[in-house]
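The report that follows is meant for a reader meeting this structure for the first time. Please look over the sequence and the model before reading on.

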Amino acid sequence: MKFSKQRQLILNAVLQSESHPTAEIIYDTLKKDNPSLSLGTVYRNLSQLESNGLIRKVKIIDHPDRYDGIVSDHAHFVCRECGKVIDIGNLEVIKLQEKVAEEIDGIVEDATVILYGRCNQCK
Ligand SMILES: [Zn+2]
Ligand SMILES: [Zn+2]
């Protein structure tokens, strides 16, 4: 994949953030120093970075998609009040996959786990 300056900027913005930013947040962050950047460019580059496996998209019910710089498997907790996304280790998810595989006598190949609730500040 060819890296334009803007694509590198967008990739860095996702990698440097731990808050799983939306496309709009990335756009707002980068726009200040890059006035020629458009929201469409941000969306297009995010989707290309995602299809190349450099970042991950996190789809959240009733919220815009979020982008994740951690591409290894992990689960997420989403706060319904403030929209905060917290990374959760994948151990329990792997256990669940093994249990289900045994129960259905098949193979579990993929899992996307998002837990919804209230974070420590909103509970
Ligand atoms: Zn919260
Ligand atoms: Zn994450």
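Of the 123 residues in the protein, buried residues make up 15%, a figure that, like every other here, is computed from a predicted model. Taken along the principal axes, the C-alpha atoms fill a box of roughly 55 × 40 × 20 Å.

The elements discussed below are placed as follows.

| Element | Residues |
|---|---|
| Helix H1 | residues 5-16 |
| Helix H3 | residues 39-51 |
| Strand E3 | residues 75-79 |
| Strand E4 | residues 85-88 |
| Strand E5 | residues 114-117 |

Two of the helices can be described as a pair. In general, two packed helices are described by the angle between their axes and by the distance between the axes. Helix H1 and helix H3 pack at an angle of about 75 degrees, and their axes are 10 Å apart. Because angles of 65 to 115 degrees count as roughly perpendicular, H1 is roughly perpendicular to H3. On the H1 side the contact is made by Gln6, Arg7, Ile10 and Leu11, which meet Thr41, Val42, Asn45, Leu46 and Leu49 in H3. Sorted by class, this contact of H1 with H3 has five nonpolar, three polar and one charged residues.

Turning to the strands, which of them stand at the edges of the sheet? Three strands form an open sheet in the order E4-E3-E5, and the pairing within this sheet is mixed. Strand E4 and strand E5 stand at the edges, each with a single partner strand, so one side of each is left without a neighbour in the sheet. On average, and with direction ignored, neighbouring strands of this sheet are turned by 25 degrees against each other.

Four bridges join strand E3 to E4, and the two run antiparallel; Phe77 stands opposite Ile86 in E4. E3 and E4 form a hairpin with five residues between them, and in the turn Gly83 has a positive phi of about 80 degrees.

Note on methods: Residues are numbered from 1 along each chain as its sequence is written. Chains are lettered from A and ligands numbered from 1 in the order in which they are written. This is a predicted model: local features need pLDDT of at least 70, side-chain atom pairs count only at pLDDT 80 or more; totals for chains, interfaces and linings use all residues. Axes are lines fitted to C-alpha atoms, for helices over the stretch in contact, and angles run from 0 to 180 degrees between N-to-C directions. Angles under 35 degrees count as roughly parallel, over 145 as roughly antiparallel, 65 to 115 as roughly perpendicular and the rest as oblique. Two residues are in contact if their C-beta atoms, placed from the backbone, lie within 7 Å. Ala, Val, Leu, Ile, Met, Phe, Trp, Tyr, Cys and Pro count as nonpolar, Asp, Glu, Lys and Arg as charged, and the others, Gly among them, as polar. Two strands pair if DSSP finds at least two bridges between them. A residue is buried if 20 or more other C-beta atoms lie within 10 Å of its own, exposed if 12 or fewer, and partly exposed in between; C-beta atoms are placed from the backbone.
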